[in-house]
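User: I'm new to this structure and would like to learn how to read it piece by piece. Could we go through it together?

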Amino acid sequence: MNNEEKKHLEEIRHSTAHLLAAAVLRMWPDTKLTIGPAIESGFYYDFDFANPISESDLPKIEKKMRETLKDWEKFSHREVTEKEAKEFYKNNPYKQELIDEIVAKGEPITFYKSGRFEDLCRGGHAENPRDDIGAFTLLSLAGAYWRGTEKNKMLTRIYGTAFATQKELDEYLQLLEEAKKRDHKKLGRELELFIFDETAPGMAYWLPNGLTLYNTLYDFTRRMYKKFGYKEVATPMLNKKELYETSGHWEHYRSDMFVSPMSFLTGESTEPLLGHEVFGVKPMNCPNAMTLFKFKTRSYHDLPLRLAETSSLHRFELSGTLNGLFRIRQFRQDDAHIFIYPELIQSEFENLIMMIEEMYEPFGLTYTLRFGTRPEKALGEKKDWDYAEKVLREVLEKSGKEFFEVAGEGAFYGPKVDILMRDSLGREWQTGTVQLDLQQPKRFHLAYIDREGKEQMPFVFHRAILGSFERFLGILTEHYAGKFPVWLSPVQVLILPIADRHTAYAKEVVDAMEKAGIRIVLDDRQSTLQAKIREATLQKVPFMGIIGDKEIADQAISIRSRDGEDLGSMNLSRFIQKITEDIDKKA
RNA sequence: GCCGAAGUAACUCAGUGGUAGAGUAGCUCUUUCGUAAAGAGCAAGUCGUGGGUUCAAGUCCCACCUUCGGCUCCA
């Protein structure tokens with residue numbers, strides 16, 4: 001789609017949002033209108049309804065929209081004064097607020113009208129809505145805070161989408177259906193990777209297949225640790241609150257933590273009791289990493305010191321934000337802390353960019369980098385920030401990687417670079433992150449001895465490349481639609497003997513392949529070959545090895561892929577060689 | 001947390017006030033089979049939990065739990 005078409009589509013959608021508002025107003029005249037923009041996949045409009053509506057009202061609204069559209073030949077607009085505008089919206093505090101903002105910015109106030117419906121608007125509509133809006137539909141109902149702030153009133157948001165033609169709309173809806181089939185929560189159950197249960201909201205139970213995936217990914221990161229000079233450590237999960245007071249988490253992050261006074265045992269109170277120790281389950285590894293750094297006197301010879309840690313972390317995420325493996329309360333990260341002196345920022349960050357490249361390459365995933373700089377509430381000296389930001393920006397630019405900079409989106413302790421990825425529905429999730437911390441070392445009084453024998457404070461890179469294994473596996477599951485490449489597949493080969501007399505040889509094959517380190521399973525249940533093939537295909541096992549009279553006579557196996565491809569008869573050692581090569585090159 | 005939707009057998013779902021159902025999976029038996037579903041039978045549910053209304057509740061009402069879609073792409 002070129003820019004011209006993109007603009008036209010946006011105009012169609014923006015116009016349809018107006019149409020939605022017009023229909024709603026005709027059905028419920030005392031509804032207060034707020035805003036209704038075009039968005040990437042359609043449009044929405046936020047309303048303050050006098051009486052709540054429900055999803056079952058959407059078809060009725062849609063019908064009213066179609067009726068209304070008949071009178072919408074074109075859009076006209078006029079500029080009005082602040083007074084006129086405020087008079088027009090005299091009972092609508094939301095529009096009043098918007099008008100105030102427009103006035104404050106010194107921009108003209110414009111009203112756009114089509115049919116009998118007029119709305120405060122900046123413009124950008126289809127010229128002939130009746131003809132241009134080819135096809136539209138309402139999709140869902142949701143709550144949304146006015147201006148996205150929890151303290152404000154919750155409005156009712158109606159989502160919809162529109163296209164120039166019915167065909168495009170149908171295609172889009174088809175795409176949504178397809179995306180649902182890739183949903184990692186659905187595949188997670190079907191492929192027996194993981195489940196969720198009421199006993200532990202927001203925490204996954206990993207099943208054998210899923211844990212195999214998890215551990216395979218972990219093994220992969222461990223090989224990378226080795227290659228890039230990391231040492232792996234493990235630190236306590238439950239720490240006294242004093243640790244978090246030092247790190248600042250007790251003040252800034254406590255509401256996101258699982259905290260346990262002794263009432264952990266009695267269940268009597270969630271407030272700390274006098275005379276009892278108070279503990280918090282760690283939401284991140286940093287405070288423990290800082291503690292670990294201090295266990296002995298460090299020299300500049302020790303830096304960069306790269307300590308990796310994969311312990312379980314717990315964060316008390318708001319219940320409404322939980323989402324399968326994407327937002328979860330218990331997870332592990334390929335986390336590490338790298339202790340450096342300032343001169344090492346550049347080389348270490350270059351190192352990290354290389355590591356990101358190397359770790360994402362095998363998956364063929366596309367990601368974007370977001371560079372967040374000094375936020376308003378930042379701790380520390382501006383000159384340290386400026387220096388750190390400059391070095392990071394230069395490395396990013398030199399790397400040739402695409403990135404976008406968001407001013408003020410850094411962590412409060414330092415600038416950061418996040419890796420963003422999309423799920424099958426196009427929603428964006430952060431996976432990896434690299435954060436340069438200029439503050440924690442200070443809070444923990446970290447020091448190393450420099451060349452002159454003087455104590456100096458180190459800087460720290462906090463970083464996770466894949467991010468949480470949970471979220472990354474969710475992304476991978478949707479990316480591959482469950483058809484994991486051989487090296488990741490929980491079961492790489494399924495051996496299918498045709499009749500009972502073939503199982504003895506089948507077992508020999510399984511033994512030999514197991515010795516070669518291949519994840520292989522024998523399906524010797526009493527069932528037809530067709531049924532076994534069907535099941536293995538649905539389980540998305542990469543290779544099926546069929547064994548019957550012919551194979552025994554030839555001392556071979558017949559290989560069929562999960563895509564139904566017949567790879568012919570192969571002798572055992574050749575097949576082992578082929579699959580080992582696949583695994584090695586991460587196919 | 002807030003708004004909306006959903007929760008019925010292990011899974012996917014039907015069931016709008018009057019005896020809890022289907023398909024798949026499971027178990028038993030029969031079948032020993034050549035590239036996406038062999039056949040028969042059996043078993044399986046405090047209808048998310050707790051209250052309430054009613055002669056009678058999966059179904060109506062209230063509270064809670066869990067899950068899903070949303071909660072600044074900004075006139």
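Analyst: Let's begin with pairing. Two strands pair if DSSP finds at least two bridges between them. Strands (E, at least two residues) and helices (H or I, at least four residues) are DSSP runs, numbered from the N terminus. One caution: this is a predicted model, where local features need pLDDT of at least 70, side-chain atom pairs count only at pLDDT 80 or more, and totals for chains, interfaces and linings use all residues. Residues are numbered from 1 along each chain as its sequence is written, while chains are lettered from A and ligands numbered from 1 in the order in which they are written.

User: So which way do E19 and strand E20 run, and how many bridges join them?

Analyst: In general, strands of a sheet pair through backbone hydrogen bonds, either parallel or antiparallel. Here E19 and E20 (residues 403-406) run parallel, with four bridges between them. Look for Gly-372, which has Val-406 of E20 opposite. To get from E19 to E20, the chain passes through helix H14 (residues 382-399), and this β-α-β crossover is right-handed. That word means that, with the strands pointing away from the viewer, the path from the first strand over the helix to the second runs clockwise.

User: In which sense does strand E19 pair with strand E21?

Analyst: E19 (residues 368-372) and E21 (residues 416-422) pair in the antiparallel sense, over five bridges.

User: Which order do the three strands of the open sheet take?

Analyst: Read across, the order is E4-E5-E6, with antiparallel pairing. Strand E4 (76-80) and strand E6 (117-120) are the edges, each pairing on one side only. From one strand to the next, the twist averages 25 degrees. E5 and E6 are joined by four bridges, and Ser-114 has Phe-117 of E6 as its bridge partner. Helix H1 (residues 3-27) packs on this sheet, where it touches E5 and E6, and its direction makes about 115 degrees with that of E6. For such angles, axes are lines fitted to C-alpha atoms (for helices over the stretch in contact), and values run from 0 to 180 degrees between N-to-C directions. Contact means that the C-beta atoms of two residues, placed from the backbone, lie within 7 Å.

User: At what angle do the axes of H1 and helix H2 cross?

Analyst: They cross at roughly 110 degrees, and the axes of H1 and H2 (residues 58-69) come within 8 Å. The two helices are therefore roughly perpendicular. The cut-offs are under 35 degrees for roughly parallel, over 145 for roughly antiparallel, 65 to 115 for roughly perpendicular, and oblique for the rest. H1 makes the contact with residues including Leu-19, Leu-20 and Val-24, and H2 with residues including Ile-61 and Met-65. By class, that contact has nine nonpolar, one polar and two charged residues. Here Ala, Val, Leu, Ile, Met, Phe, Trp, Tyr, Cys and Pro count as nonpolar, Asp, Glu, Lys and Arg as charged, and the others, Gly among them, as polar.

User: What order do the strands of the five-stranded open sheet have?

Analyst: The order is E27-E26-E28-E29-E30, with mixed pairing. Strand E27 (520-522) and strand E30 (566-571) lie at the edges. Strands E26 (residues 493-497) and E28 (residues 543-547) pair in the parallel sense over five bridges, and Ile-495 stands opposite Gly-545 in E28. H18 lies across E26, E28 and E29, at about 170 degrees to E26.

User: And what gives the most to the surface near RNA strand B?

Analyst: A residue counts as near if its C-beta atom, placed from the backbone, lies within 6 Å of the molecule or strand. H18 gives the most, with seven residues. There are 64 residues around RNA strand B, and Ala-142, Gly-143, Gly-148, Gly-320 and Gly-548 come nearest. By class, this surface has 26 nonpolar, 21 polar and 17 charged residues.
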